[in-house]
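Open the model in your viewer and keep the selection panel at hand.

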Amino acid sequence: MKRNFVNTMALLAGMSLLVSGSVSASDAEGSSGSGETPTLVVANWKGYGADEEFGAARFEELYNCKVEFVYFNSVEELYTMLQTGGIGNIDVALPSTVYTQTFRENGMLEPIDTDKISCYENLMEAYLNLPEATGESGEVYALPWTWGTTSLGYNPEAVTGEITSWDDLYGEAYKGKVAFFDDYVTALMTSAIHTGQNPSDPDNLDLEAIKNDLLALKENVRTYWASYDDYLNPYTSGEVVIGNMWAGTATQLMNAGTPCNYIYPEEGTVGYVDMWCIIKDTDCYDLACQWLDFMCGEEFQYNFATVEGNAHNTVNENVYAKLTDEQKAAVWALEVPSKVYMQPVLSTEQQNEWLEVWNEVKAG
Amino acid sequence: MKKEKKKNPFRIGSLWAGPSVLMLLCLSLVPLIMLLGFSFMNGNIMNGVFPGWTLENFRKMFSGDTFSKLMGKSLGIGALVTLICIVISYPIAWGIAKVAKPHNRSMFLMLIILPFFTSQLLLIYAMMMILQSGGILMTLLNKIGIASNGTSILYTPRAVILVLVYEYLPYMILCLYTSLESIGDNLVHASRVLGANTFRTFVNIVFPMSIPGLLSGILLVLVPVCGSFAESALVGGPNGMMVGSLINSQYNTVLNMGYGAALSCVFLIILSIIMGVIRLLVNCAEKRIGGDTE
């Protein structure tokens, strides 16, 4: 009887420890945001400008706050992060246009009070009020931060002849030496461009022709890449010599010591805009607006567009006007591509359809 | 008349299992039931709006051949990786259990579990450095004339198999070691004394007694290998896609969790059937081979 009593008390003590442990864990989580210095939690790609000295550190100095970064390796990961506890804990995030639409439609964003964004009028007209970032009543849900292309890059020391067209990825010349972006939207858009279709008009695309075109390209593909590292390794070892890539990747490859040339094919190229947005239920809305204003403002945008080895395109008109030709060439923006197809707004059915085509190509 | 005391079948000590049972229910059974429910839902199930019930997910899965193709490929890779792990693990596990001196066994086991001290992604990247053109392996093969300069097996299905074997070999070794260590030396000695050669000793004594470890090892290797997708994405090249990538793309790319859940459920059912068949076959083999188990 005494033994049973001891066992019972020990069991109850253990269970109460378990319960109090989970309670104190949630208490600790709840109290992590308190303190005198406000903290802004920013979700971004690692090494993508905002965490540079002229970014977060400067912002902290200007606004007497603390910036904490949460990094993601894909926008899909960002979405999962937000859905599994990020909302209410992350204040601002940087999705691309396609996912800005997804976030907006799923009620994950706060509308931006543009009166609190002093640089709003200086942002390039072409990237303002994109349908993905605009609510039904005209509310602004995201601000453009930088634009880029996923165009054609190649190693001029390994590639002979002039490269001017997406056609150059096909055929025998570079069989087994091509790297291609493992993103269903970019893949289908690039193939649509190659097959003479308009990828920005998803309602009128011949998906069967695109699938056959991608299957033909697959014969030459060495690897599908999803990040800068996926490209860097095979490119520097010579396993791939040509393929589609982000402009920033071309810049980084050049600075890693491997020659890289980046062109805009005559048929056209795929473009994207990365956008800052404020996540729903943030508890520092004003600080979040200040972050957006700082990120899109002249001081940061100029540094972002001119930093050695990791420069990116600016969306600020005043900054673009100040750049020299050499600085524009460093981000492949000296000659603006004549045909840039931005990622279209896809319905849920179209997203599933497009992904199915891409999966059939990869599984085939 | 003396009344018989009724024994209280309930022991207070059995309450100790309560937290574990609760965790098992919450973290295993409940998610499985939820997964089954989600597989009959349409599209995005995490945006706070009930998406509706549908059978479309299963219709879509079986109307095309993408899932069946990838399922077949994943099972094939899983079977090959498991077989390779078994062939390599038996001699290693036997060596540690029976040949190595007792005071050296801990050191060998530590070497086996060393890869667990780092992340899976780092292991994959380390293997990429070895397998890529100009890496250690290809340089060695080039020197002995097997491979030509500038070639590599990276970005091919063979690289996927190599990386998966490297990652999951420790599981098989440890499972087999546990069973082999429990085999009495006197049984093996008796077998030799009675005239059985190494092969007969293995078939009649060692193999039947190692079956529990073998089955555990197969479970720990075959199931995760069939469902893996990181390895095929990083080193598999254009033909490396496995069924895990298909499921991952539904959840993370287009947020079609309903279809992803349907794929996951069918994948789980197929694997469960396969594991049941393997267990049946191994038990039949054990009975047929004979031999006494302790």
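Helices and strands here are DSSP runs, with at least four residues (H or I) for a helix and at least two (E) for a strand, numbered from the N terminus. Please keep in mind that this is a predicted model.

Start by selecting chain B and colouring by secondary structure: you will find 12 helices and 0 strands. Following the sequence, the pattern reads α-α-α-α-α-α-α-α-α-α-α-α. With 294 residues, chain B has a radius of gyration of 24 Å, well over the 19 Å from the globule rule, so it is more spread out than a compact globule. Buried residues account for 31% of chain B.

Next, show chain A as well and look at where the two chains touch.

Now for the largest nonpolar core, with 156 residues; among the members that touch the most others are A:Val92, A:Leu188 and A:Trp276. Highlight helix α7 (residues 157-181) of chain B, which gives this core its largest share, 15 residues. In chain A, domain 1 (39-147 + 272-333) and domain 2 (148-271 + 342-363) each provide at least three residues.

Finally, centre on A:Leu188. Which residues is it in contact with, leaving aside neighbours within four places in sequence? Select A:Ile210, A:Trp354, A:Val357 and A:Trp358 to see them.

Definitions and conventions
Residues numbered from 1 in each chain as written. Chains lettered and ligands numbered in written order. Predicted model: local features only at pLDDT ≥ 70, side-chain atom pairs only at ≥ 80, totals over all residues. Rg over C-alpha atoms; globule rule 2.2 N^0.38 Å. Buried ≥ 20, exposed ≤ 12 C-beta atoms within 10 Å, placed from the backbone. Core = buried A, V, L, I, M, F, W, Y, C linked by C-beta atoms within 7 Å. Domains from an automatic or database assignment. Contact = placed C-beta atoms within 7 Å.
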